[in-house]
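Thank you all for making the time this morning.

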Amino acid sequence: MSEPTASTHERSFPPPADLDGLQSKAWIAAGIGIAASLAGWFLDPTQFYRSYLVSWIFWLSVAAGCLAILMLHHLSRGAWGLMIRRVLEAAARTLPFLAILFIPIVLGLEETYVWARPEAAADELIQHKAVYLNRTAFVFRTVVYLGVWSFFAYGLSRLSLRQDRTGDATLFRRMQVISAPGLGIYCLLTTFAAVDWLMSLDPHWYSSLFGVYFLGGQGIAALAFVILVALYLAQREPMAGAFNAGHFHDYGKLLLAFVMLWTYFAISQLLIIWSADLPEEITWYLERAHGGWKWVSILLVLFHFLLPFLLLLSSDLKRNAKALGKVALLLLAMRWFDVFWLAAPSFEHGHLSFHWLDLATLVGLGGIWLALFLGQLKTRSLVPVNDPYLVEALDNE
Amino acid sequence: MTAPGKPPIVAPGHTPGSVTDQISSIVLTRMPRWWWAAFGASFALVMMLLYALTKLVFEGTGIWGLNIPVGWGFAIINFVWWIGIGHAGTLISAILLLLRQEWRTSINRFAEAMTLFAVACAGLFPLIHVGRPWLAYWLLPYPNTMDIWPQFRSPLVWDVFAVTTYATVSLLFWYVGLVPDLATLRDRARQRLAKITYGFLSMGWRGSATHWHNYETAYLLLAGLATPLVVSVHTVVSFDFAVGQLPGWHATIFPPYFVAGAIFAGFAMVITLAVPLRTLFDLKDFITIRHLQNMGKVMLATGLIVAYGYVIEIFMAWYSGNWFEEFMILNRIQGPYRMQWYALLLCNVLAPQLLWIKRVRSTPALLFVVAMFVNVGMWLERFVIVVTSLHRDFLPSSWGMYAGTRWDWAIFVGSIGLFLALLFLFIRFLPMISIFEMRTIVPKTQAREPDEVSP
């Protein structure tokens with residue numbers, strides 16, 4: 001079993017040269033976004049930190065979600081993930097950089113998190129949670145989350161690269177063996193990350209489904225992003241001949257599954273809390289049903305669930321890469337609205353308002369993140385050329 | 001596609017003819033002596049069930065251990081336990097079919113039968129729990145002179161719809177899948193009565209291209225219909241608890257955690273049945289180690305989700321800062337029912353961790369032992385949820401204790417007897433493995449054989 005097999009595929013898949021141009025554009029966007037964000041920081045630091053948190057969580061969801069999908073791919077041994085494995089790996093390898101980008105959130109902790117403010121000492125309920133919700137523990141946990149995720153991201157990436165070089169048939173199994181506990185640990189850590197970063201914005205509120213809901217959203221964010229990258233690559237050599245309708249069909253199905261999963265979690269949480277109508281729980285939904293937030297809630301129902309769900313039912317649409325790309329773009333935008341909807345009503349208990357800093361930080365962080373992602377993507381063959389399933393993956397209808 | 005080093009899904013050396021012979025001969029020849037003994041024993045339990053039910057109808061639910069505050073006892077525990085077990089069949093048949101997992105083929109038939117019998121056992125409990133089962137039709141909305149309607153906002157009513165839909169679709173799915181095999185049995189049967197019965201049930205199947213075309217369409221449609229039901233039934237069951245305000249019941253994690261628990265329990269029961277059956281009827285060529293390994297993996301994955309549910313429940317009880325939530329968890333850990341809670345952790349969290357080891361997954365006896373732990377553990381889980389949450393709620397003055405009486409136990413054990421008796425009859429009269437689906441995968445698996453065994 002351990003005998004090394006020679007490269008089974010004579011085709012090679014070097015990254016297209018266009019990626020350099022795209023990366024430059026991403027850096028330019030990053031520069032503009034950061035400049036605007038810095039200006040915003042001088043004008044309104046509180047708003048800056050709040051917008052920054054939402055943008056950071058949004059981009060982190062994409063990167064961390066890619067790690068989860070990568071592990072799911074290794075676990076299921078499916079041919080579906082081979083064509084996008086390098087995209088997933090590249091996105092997952094950005095996680096340590098996202099850890100560095102977390103620093104501004106720590107600096108502005110009092111601006112965003114009620115429990116970090118001095119007046120929290122007067123709140124009995126927050127005092128009860130102070131063992132868990134305090135600055136040191138919060139930062140420590142975030143370092144652990146991102147550290148463990150990065151460990152898995154780089155571990156799997158390294159083995160995948162070695163598979164390219166040596167064609168060692170045992171690596172396939174090793175990546176699977178790592179991914180099994182990896183995915184479990186990932187889900188557990190992400191749950192607590194969701195509690196820390198988002199749920200604790202309203203430190204009185206709790207819901208045991210919250211972590212799972214956040215996980216479902218990450219799956220959508222990652223898949224939507226991957227579909228867009230796959231669409232971009234499929235329009236250029238060398239991947240133009242490699243991707244076919246069957247691949248996009250599979251990604252579309254997976255995206256549909258995650259849309260349904262996310263909706264299932266959202267409805268379950270709403271129904272249970274609405275039905276029990278407990279004062280400590282229902283307030284969270286009341287905030288999201290008043291002061292204009294109702295419209296964001298409706299937006300999510302219509303465009304995070306209903307429209308993508310109906311569109312993704314069609315197999316013609318899933319097999320059409322461009323049409324699927326449009327749905328993916330819509331869902332990616334909705335992911336931002338969902339994170340915004342989870343976070344922002346807890347900052348200001350009042351009216352819905354968008355701030356230009358929401359956009360500036362999103363573009364600034366997004367530019368940095370995309371540039372880092374493209375930098376990672378450029379370093380390797382776009383397809384793991386020595387994987388035992390490659391022939392099957394390329395033939396996938 | 002078989003990965004390098006994986007055992008095949010059909011043992012080498014089979015032809016479509018040998019598959020048909022071996023599976024249909026189980027039904028068409030005399031049953032071995034052990035079958036009579038086992039069927040007799042389960043039938044005796046059914047008699048006990050009937051006796052206990054008669055007693056119950058005559059005397060009322062007072063013969064049970066129910067009291068105030070514990071108004072939900074064995075009946076609900078058993079209902080949830082059975083309905084959970086009834087989830088694996090449809091998951092294997094519908095979802096694995098849509099995911100194009102060919103290994104499902106040899107286990108889907110009896111897993112579906114198991115689902116039907118488990119749902120039948122489950123359905124029994126709410127009916128007798130209402131106390132006056134002859135009025136159980138009041139659960140259904142129908143125009144009546146009393147002008148009384150069920151409370152549509154109550155998940156208990158949704159349950160009626162969810163479970164009856166599930167039972168109907170599962171039955172149809174199972175029966176449609178049986179039709180081609182019933183025709184095979186019709187053609188092979190020697191006795192006149194068998195020929196007529198199988199001929200009647202096979203609805204004139206002649207195996208023409210049109211028949212097959214219609215069959216495939218119907219089967220896929222039913223699979224699509226059945227898939228959401230796998231999730232919806234146990235979600236509604238979890239709502240029975242979660243929409244209330246009782247700590248220990250009211251938790252938003254309940255829907256996904258219940259669904260995972262149901263699949264966990266269902267696969268445990270499939271393994272519990274598959275391991276002895278493949279030995280007793282010499283079906284090791286069809287229900288191979290590969291099947292057992294895969295089922296072991298599904299059990300491990302769903303078991304981890306269930307364990308996740310336990311962790312989050314405990315964490316949130318503390319994090320909520322809610323006095324009653326915290327007390328509920330402490331009462332589980334330290335209260336009078338702590339032994340049940342520890343046993344539950346042993347069965348549902350610790351025992352399944354053995355499945356990480358490949359040797360355990362590929363040794364039928366060990367897998368059987370783990371599955372038995374899970375069967376017990378999932379019953380205990382429902383006991384802990386139902387009883388420990390109810391027996392000490394908000395007011396210490398209304399606390400109480402609960403224990404099942406012998407009638408509770410008689411009905412529970414009797415329902416296991418009913419399940420087994422139905423299963424033995426199924427094995428006797430219908431092919432427990434889908435003959436024609438096995439025939440379709442034989443050429444593929446056999447063609448690949450030389451690559452796999454080559455040194």
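By class, the residues that line the largest cavity in this predicted model are eight nonpolar, six polar and three charged, where Ala, Val, Leu, Ile, Met, Phe, Trp, Tyr, Cys and Pro count as nonpolar, Asp, Glu, Lys and Arg as charged, and the others, Gly among them, as polar. A cavity here is a set of points on a 1 Å grid over the protein atoms alone where a 1.4 Å probe fits but cannot get out, and a lining residue has an atom within 4 Å of a point. The volume of this largest cavity is about 150 Å³, a volume being the space filled by probe spheres set on the points, with grid points joined across faces, edges and corners. The search of the whole structure finds six cavities of 30 Å³ or more.

Which residues lie nearest the centre of the largest cavity? They are A:Ser208, B:His250, B:Ala251, B:Met316 and B:Glu325, out of 17 residues in the lining. Two elements of chain B, α10 (289–319) and α11 (323–334), are the ones that give two or more residues to that lining, and α10(B) gives the most, with three residues. The helices I name are DSSP runs of H or I with at least four residues, strands would be runs of E with at least two, and both are numbered from the N terminus.

Before the side chains, a word on conventions: residues are numbered from 1 along each chain as its sequence is written, while chains are lettered from A and ligands numbered from 1 in the order in which they are written. Because the model is predicted, local features need pLDDT of at least 70 and side-chain atom pairs count only at pLDDT 80 or more, whereas totals for chains, interfaces and linings use all residues, and side-chain values use heavy atoms, with hydrogens and water left out.

Turning to charge, the count comes to 16 salt bridges over all chains, a salt bridge being a side-chain nitrogen of Lys or Arg within 4 Å of a carboxyl oxygen of Asp or Glu. One of them joins A:Asp18 and A:Arg236, with the closest N and O atoms 2.6 Å apart. A:Asp18 sits in helix α1 (residues 18–43) of chain A and A:Arg236 in the loop between α10 (210–234) and α11 (245–276) of chain A, so this pair ties together parts that are 218 residues apart in sequence. A:Asp18 is partly exposed, at 38% relative accessibility; for these labels, buried means under 20% relative accessible area, exposed over 50%, and partly exposed in between, with a 1.4 Å probe and protein chains only.

A second bridge links A:Asp387 to A:Arg85, again with the closest N and O atoms 2.6 Å apart. Here A:Asp387 lies in the loop between α16 and α17 (390–395) of chain A and A:Arg85 in helix α3 (residues 85–92) of chain A, so the parts tied together are 302 residues apart in sequence. A:Asp387 is buried, with a relative accessible area of 2%, and A:Arg85 is buried at 2% as well.

In chain B, the side chains of B:Asp187 and B:Arg186 meet in a salt bridge of 2.9 Å, N to O; B:Asp187 is exposed at 56% and B:Arg186 partly exposed at 21%. Back in chain A, a network of salt bridges links A:Arg86, A:Glu89 and A:Asp164.

Finally, the backbone: the peptide bond from A:Glu237 to A:Pro238 is cis, with omega near 5°, and A:Pro238 lies in the loop between α10 and α11 of chain A. Another cis peptide bond runs from B:Ile68 to B:Pro69, with omega near 20°.

Definitions and conventions. 1 Å grid on protein atoms, 1.4 Å probe; cavity = no way out; pocket = protein on both sides within 12 Å on 5 of 7 lines; lining within 4 Å.
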